[in-house]
Amino acid sequence: MMETFRNFGRSWVAKSLMVLIALSFVLWGVSGYLFSGHSTSSVVATVDGQKISDAAFQKRMKDALARYSHIFGATTAAKMAADRSFGLEVLNGLIDNMLLGMEAGRLGLQVPDAALAKKIESIPAFQEKGAFSKNLYQKLLAANGMTPAQFEDMLRESMRLEQLQVVPQVIATASKVEATRIWAWSQEYRDVSTVDIRDSDFAAAARPTATQVADYYHAHMDQFRLPAQVQVQYVVLGPKDFVAKSGAPTSPAVSSPPVATPHPAVAVNSSAENAFQAQVENFKDRLFSSPDGLNAVAKAYGLTVQESGVLTAGQVLTKGPFSDAKALDLAFSKAVLAGKNSTALTLANGDLLAVHLLHYTPGSVQPLSAVAGAITAKLSTEKAEQLAQKKAQALLTAARQAKDMNMLTDHGAYPLHAYRDVTIRNALGLDKAVLEAAFTAPAPVGGVPSMDMVKTSSGYQIFAVTRVTAPAAAAINPKVTAQIRASLEEQRGRLLSTAYLKDLREHARVKINNAQLAQIAR
């Protein structure tokens, strides 16, 4: 969704509107209609006892969609709103606003009228020739469906909440030395030598014995259990089965259930629904009175007895009645496994489902002979990784103690690979994980390489940083370091603000009514 914002136009009108959107989205819902403790409408969430009603949430959703439509067009806005995360993002925004508003109130933060007026007059969107224009101010607000009072209330609240950001911004300060160090690091050239210790080198030594395989099998038998499976016959009865080809519902009769002709193309009307409801108990009674099969009940209602195919316990299908977990449970119920008809289950769409057993295969544990190969492969892989790690660690320790990276080769058993003039942006074939580790490792001291090891997809790689070439001090561009410094402060401020809000949320009692949220947001 945010990609749409990134691609938004750069005209002054767009920027002006975005000012209003930013303010309104920060604030709408903080006061006024948001707190609906006395409302009789359903609640979508509560924050420390303060309620967010579904009416408030729907208004916020409507406001968001309306403003997105005004800026991006109805089609794009509709796509944004169709995203499943849209509703949750809106609700989380409301919750965050409430938390910040409560914290600002607890701290007694206020915004004087003079500060509010100064802020409004400084907004470029409300200026003509560099000076504030009351006429433009009122016109632009009206064009966006806001009165000056509404906008000023929102802006005042925004300024009040901005005061909460002062501490993170102060803490996030980055020094010139830090910025210079990062710039210099990004311009460094490093020589790196590596040794590969592959898991595959230890495959033979890692192969488990037959006893080890058997021991693992007996200790983890649940991993090798095959779930039970069934095949059942089933029938489904619903309002559609009470619509005749002509479209007129058949007449239900308690003593003699109607034989209906299924016709999916015919819309189900209220008469068909009523006819279906009148036969629900009769359908259940027939299942009970003819428990040894579905043919009798199928004949009575003109239904087709269908077969499920193989059903596996705990694995719902992607379509059909057995995509419902309750329907799958019904197929494995005690009555069905005993060879009797099931009870009638009401599916999500209101239809009734009944099943009868065709074949049952109980769950069982696979024999050791069937899974010995898989166990052997698993144990071999785990052991080979352990041996590779142990070997890499031993070589690294020996090289560090001897202050000689040639010790990493284990007397030539493992070749040394050299990478010259590597940069953080140009790995020259060096493994990504090794590149990152090599550029965080300290520079060599007194001719002794800086050595360490990392896990790779094939095993372990030991590396030695043998040379670091830093840029000359004269090459440092003050403008670049200033940009880096500003970027550092922005990133730190954002992280601290996020952490601050996260802390507020962790210490608050936030409850979301997921069912209500899903119903409103769909």
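Reader: At roughly what angle do the axes of helix α5 and helix α8 cross?

Author: In this predicted model, the axes of α5 (residues 84–107) and α8 (residues 148–162) cross at roughly 70 degrees and come within 9 Å.

Reader: Why are α5 and α8 called roughly perpendicular to each other?

Author: Angles of 65 to 115 degrees count as roughly perpendicular. The crossing of α5 with α8 is roughly 70 degrees, and α5 and α8 are therefore roughly perpendicular to each other.

Reader: Which residues make the contact of α5 with α8?

Author: On the α5 side they are L100, G101, A104 and G105, and on the α8 side E157, R160 and L161. They divide into 3 nonpolar, 2 polar and 2 charged residues.

Reader: What residues do α3 and α5 bring to their contact?

Author: From α3 come F57, R60, M61, A64 and Y68, while α5 supplies F86, G87, V90, L91, L94 and N97. By class, there are 8 nonpolar, 2 polar and 1 charged residues.

Reader: What is the relation of α6 to α8, and why?

Author: The axes of α6 (residues 113–122) and α8 come within 10 Å and cross at roughly 105 degrees. With 65 to 115 degrees as the range for roughly perpendicular, α6 and α8 are therefore roughly perpendicular to each other. The contact joins D113, A115, L116, K119 and I120 of α6 to F151, E152, L155, R156 and M159 of α8. By class it has 6 nonpolar, no polar and 4 charged residues.

Reader: Now to the strands. What is the order of the open sheet of 3 strands?

Author: The order is β2-β1-β15, with antiparallel pairing.

Reader: Why do β2 and β15 stand at the edges of that sheet?

Author: β2 (50–53) and β15 (510–512) each have a single partner strand, so one side of each is left without a neighbour in the sheet. From one strand to the next, the twist averages 20 degrees.

Reader: How do you know that β1 and β2 count as a pair?

Author: A pair needs at least two bridges. Strand β1 (residues 43–47) and β2 have 4 bridges, in the antiparallel sense. You can find V47 opposite Q50 in β2.

Reader: Which strands of that sheet does α5 touch?

Author: α5 packs on the sheet and touches β1, β2 and β15, with its direction at about 30 degrees to that of β1.

Reader: What is the order of the open sheet of 4 strands?

Author: That order is β12-β5-β14-β13, again an antiparallel pairing. β12 (417–422) and β13 stand at the edges, each with a single partner strand, so one side of each is left without a neighbour in the sheet. Neighbouring strands of this sheet are turned by 25 degrees against each other on average, direction ignored.

Reader: How many bridges join β5 to β14?

Author: Strand β5 (residues 189–198) and strand β14 (residues 459–469) pair over 10 bridges, in the antiparallel sense. One to look for is D196, whose bridge partner in β14 is Q461.

Reader: What do β13 and β14 form together?

Author: They form a hairpin with 3 residues between them. Strand β13 (residues 450–455) is joined to β14 by 6 bridges, and the two run antiparallel. M453 stands opposite I462 in β14.

Reader: Where does helix α18 lie?

Author: α18 (residues 432–440) lies across β5, β12, β13 and β14, running at about 40 degrees to β14.

Reader: What is the mean pLDDT of the protein?

Author: The mean is 83, and 84% of the residues reach 70 or more. Over residues 1–40 the pLDDT is below 50, and beyond near neighbours in sequence this stretch has 78 contacts in the model. Over residues 245–266 the pLDDT is below 50 too, with 54 such contacts.

Technical notes: Residues are numbered from 1 along each chain as its sequence is written. This is a predicted model: local features need pLDDT of at least 70, side-chain atom pairs count only at pLDDT 80 or more; totals for chains, interfaces and linings use all residues. Side-chain values use heavy atoms; hydrogens and water are left out. Axes are lines fitted to C-alpha atoms, for helices over the stretch in contact, and angles run from 0 to 180 degrees between N-to-C directions. Angles under 35 degrees count as roughly parallel, over 145 as roughly antiparallel, 65 to 115 as roughly perpendicular and the rest as oblique. Contact means heavy atoms within 4.5 Å. Ala, Val, Leu, Ile, Met, Phe, Trp, Tyr, Cys and Pro count as nonpolar, Asp, Glu, Lys and Arg as charged, and the others, Gly among them, as polar. pLDDT is the predictor's confidence in each residue, from 0 to 100.
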